[in-house]
Amino acid sequence: MTRRILVFIAIAGLLSAGFAVAGEETVTIIVKDYKFQPAEITVKAGTTVRWENREKRQYHSVYFESLGDEKGDYFFPEETRERTFKAPGTFPYICEPHLESHDMKGVVQVVE
Ligand SMILES: [Cu+2]
């Protein structure tokens, strides 16, 4: 391996580390038609995920049982919910009122 390639790898490593530390990125999931759009996303650790209710009049929830959420946190059209994912992992969630009727669920994959 040449010295130039090694330098390139070192710089790329520094840049990606800086990006992760910043962690300012926000990703939006649209909540509409009884669906999370997209239902599955992959984000870097430190990313904030925002769910926006774009229904005309239907409330929903974003319930992460594995993260100890309390039930019943419904949000209405034009309201949002946000969560920052600091650690890598697989985080499934559901909309409590519409899991059985509409199979309304999603997954956030968090990577390094
Ligand atoms: Cu719902």
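Visitor: Which strand do six bridges join to β8, and in which sense do the two run?

Guide: Strands of a sheet pair through backbone hydrogen bonds, either parallel or antiparallel. Here the partner of β8 is strand β9 (residues 105–111), and the two run antiparallel. Within this pair, Phe91 stands opposite Val108 in β9. Two strands count as paired if DSSP finds at least two bridges between them. Strands are DSSP runs of E with at least two residues, helices are runs of H or I with at least four, and both are numbered from the N terminus. Please note that this is a predicted model, in which local features need pLDDT of at least 70 and side-chain atom pairs count only at pLDDT 80 or more, while totals for chains, interfaces and linings use all residues. Residues are numbered from 1 along each chain as its sequence is written.

Visitor: In what order do the strands of the open sheet with β3, β8 and β9 lie?

Guide: The order is β3-β9-β8, with mixed pairing. β3 (40–44) and β8 (89–94) have a single partner strand each and stand at the edges, so one side of each lacks a neighbour in the sheet. On average, neighbouring strands here are turned by 20° against each other, direction ignored; the axes are lines fitted to C-alpha atoms, for helices over the stretch in contact, and angles run from 0 to 180 degrees between N-to-C directions.

Visitor: In what order do the four strands of the other open sheet lie?

Guide: That sheet has the order β2-β1-β4-β7, and its pairing is mixed. Its edge strands, β2 (35–37) and β7 (80–85), each pair on one side only. Strand β1 (residues 26–32) pairs with strand β4 (residues 47–53) in the parallel sense over six bridges, and Val31 stands opposite Asn53 in β4.

Visitor: Why does Tyr34 count as partly exposed?

Guide: A residue is buried if 20 or more other C-beta atoms lie within 10 Å of its own, exposed if 12 or fewer, and partly exposed in between, with C-beta atoms placed from the backbone. Tyr34 counts as partly exposed because it has 15 C-beta neighbours inside 10 Å. Asp103, with 12 other C-beta atoms within 10 Å, is exposed. Of the 112 residues of the chain, 15% count as buried.

Visitor: Which residues form the largest nonpolar core?

Guide: In soluble globular proteins, nonpolar side chains tend to be buried together. A nonpolar core is a set of buried Ala, Val, Leu, Ile, Met, Phe, Trp, Tyr and Cys residues joined through C-beta atoms within 7 Å. The largest one has 12 residues, including Ile29, Val31, Val49, Trp51, Phe85 and Val108. The elements that contribute two or more residues to this core are β1 and β4.

Visitor: Which residues does Val108 touch?

Guide: Contact means that two C-beta atoms, placed from the backbone, lie within 7 Å. Leaving aside residues up to four places away in sequence, Val108 touches Ile41, Val43, Val49, Phe85 and Phe91.
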